[in-house]
Amino acid sequence: MRIVLGVGGGIAAYKAASLLRLFKEAGHEVTVIPTEAAGKFVGRATWEALSGNPVSNSVFDAVETVNHVRLGQEADLVVVAPATADLLARAAAGLASDLLTNTLLMARGTVVMVPAMHTEMWQHPATAANVATLRGRGTVVMEPAVGRLTGPDSGPGRLPEPAEIFDFLAPYLAGPLPAGELPLQGRRVLVTAGGTREPLDPVRFLGNRSSGKQGVALARAAAAAGADVHLVAAHMDVPAPENVELTRVETALQLREATLQAAAGADVVIMAAAVADFRPAQAAGTKIKKRDDAADPVLTLVRNPDILRELVTRREEHDAGPELIVGFAAETGDAEAGVLDYARQKLARKGCDLLVLNQVGKDLVFGQDSTTVTILDRDGSEPETVSGSKDATAAAIIGRIAGELKPR
Ligand code: CTP
């Protein structure tokens, strides 16, 4: 695959050298285009030696080969790492002020930006608006990692580790795709996300710790891979992506209805929502009051339907439905069995095609930005384990899903 690696002027430019090595080791042809500012951090000789190709940041070098047009036109994938606030702004504005921004305007393949900057810059409304503009145009913008920044401060804005970026790029590197074609082009993907809330009375509910981050990352990764995405969202702590169809729900029963309806036209269903297994038998119509003259209330719970199981059963009964149904398992393991044993049992019980296992606990997974997931299939072949940010693991899951679908 022909890759253009754009490098912005940030201290994290040195990490792009390791990313370049990973691309080369995987057999890709890479041309590096650093910005002028990137040259203050890593010199041209490093990029030329590692890529084996000449390096320039000027539209006036090698004019006889029409570099400013050719590099973008010929690239299957353009990756910008680190993408500074300045580069995101120039790309969003459509400027063509150097060789890299010319190439971004000419690019016909997928463009992936991997931002790195200080937290204040990343969270500034100007940067947020530029990221939204770029995503709205189909550019893939990876979420920055959370951690130590250049100075003593830390927060979101750190460039993810090269191996994480490489994993995130898996669906785009899977090739050989014709330039501009994406792995889930023309597929409809339904993702459920967040935690359901089961009302006790008009002001109280039974809920769970799901933040919706993993489901949102999956929806974003599926959209970035070219799919038409429908997100059925229960309660989430994070905003839904802009480029997906969105249905908001509250309870498990509402989630069931929205999911069954949307699943009818979907190629893939990803059940990432944390669905309450039980709901209060009755929700009080008015606020439950504590009273000194009566006994404290006792909660009676009833079972919610298992939506994942129902999707599988309906597909068997009608011999039609989504080609791929993906379940999630949140397991802690216990004295009787480990997390993998429980996940295998769940896969068999639910009958889905793939099961993504999250190991959960007090400080694990829920609301965290990074995670480790294990993907199991029905054949019980070697489970595949992926670690990294929720975006990176989502991209790996989407890559696996794309690989499981029958070619059209
Ligand atoms: N799920 C569902 N409907 C439910 C409960 C869960 O569709 N009523 C889906 C979840 O979205 C997830 C998978 O089933 O994809 C596993 O959910 P989990 O709560 O971990 O499993 P349970 O079926 O509740 O099994 P257990 O009680 O053994 O953990």
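The C-alpha centres of domain 1 and domain 2 lie 34 Å apart in this predicted model. The domain assignment of the protein chain places domain 1 at residues 2–168 and domain 2 at residues 188–404. Between them the two domains bury about 830 Å², and one salt bridge is counted across the pair.

**Contact between the domains**

- Domain 1 contributes nine residues to the contact, and domain 2 contributes 12 residues.
- Of the area buried between domain 1 and domain 2, 59% is on carbon and sulfur atoms.
- Glu164, Asp167 and Phe168 together supply 44% of the area that domain 1 buries against domain 2, more than any other three residues.

**Salt bridges**

- The whole structure holds 24 salt bridges.
- Arginine 220 and glutamate 143 meet through their side chains in a salt bridge, with an N to O distance of 3.8 Å.
- Glutamate 143 also forms a salt bridge with arginine 135, at 2.8 Å from N to O.
- The relative accessibility of glutamate 143 is 25%, so this residue counts as partly exposed.
- A salt bridge of 3.4 Å, N to O, links the side chains of aspartate 391 and arginine 220.
- Aspartate 391 belongs to helix 14 (residues 390–404) and arginine 220 to helix 10 (residues 213–224), so their pairing ties together parts that are 171 residues apart in sequence.
- Aspartate 391 counts as buried because its relative accessibility is 8%, under the 20% cut-off.
- Through shared partners, salt bridges join Arg135, Glu143, Arg220 and Asp391 into one network.
- Aspartate 201 and arginine 204 form a salt bridge in which the closest N and O atoms are 2.5 Å apart.

- Five strands make up an open sheet with parallel pairing and the order 2-1-3-4-5.
- Strand 2 (29–34) and strand 5 (140–141) are the edge strands, each pairing on one side only.
- Helix 1 (residues 13–25) packs on this sheet and touches strand 1 (2–7), strand 2 and strand 3 (77–83).
- The direction of helix 1 makes about 175° with that of strand 1.
- Two bridges pair strand 4 (residues 110–115) with strand 5 in the parallel sense.
- Methionine 113 has valine 141, in strand 5, as its bridge partner.
- Helix 4 (residues 85–93) lies across strand 3 and strand 4, and runs at about 140° to strand 3.

**Strand 18 and its partners**

- Strand 18 (residues 370–377) is largely enclosed by the rest of the structure, because six of its eight residues are buried.
- Strand 17 (residues 354–359) runs antiparallel to strand 18, and five bridges join the two.
- Leucine 354 has aspartate 377, in strand 18, as its bridge partner.
- Strand 18 is also joined to strand 19 (residues 384–389), through six bridges and in antiparallel fashion.
- Glycine 388 in strand 19 stands opposite threonine 371.

- Arginine 279 is located in strand 14 (residues 278–280).
- With a relative accessible area of 24%, arginine 279 is partly exposed.
- Leaving aside residues up to four places away in sequence, arginine 279 touches Glu198, Leu253, Thr300, Leu301, Val302, Arg303, Asn304 and Pro305.

Note on methods:
Residues are numbered from 1 along each chain as its sequence is written. This is a predicted model: local features need pLDDT of at least 70, side-chain atom pairs count only at pLDDT 80 or more; totals for chains, interfaces and linings use all residues. Side-chain values use heavy atoms; hydrogens and water are left out. Two strands pair if DSSP finds at least two bridges between them. Helices (H or I, at least four residues) and strands (E, at least two) are DSSP runs, numbered from the N terminus. Contact means heavy atoms within 4.5 Å. Axes are lines fitted to C-alpha atoms, for helices over the stretch in contact, and angles run from 0 to 180 degrees between N-to-C directions. A salt bridge is a side-chain nitrogen of Lys or Arg within 4 Å of a carboxyl oxygen of Asp or Glu. Buried means under 20% relative accessible area, exposed over 50%, partly exposed in between (1.4 Å probe, protein chains only). Domain bounds come from an automatic or database domain assignment. Buried area is the accessible area (1.4 Å probe) that two parts lose on being put together, summed over both.
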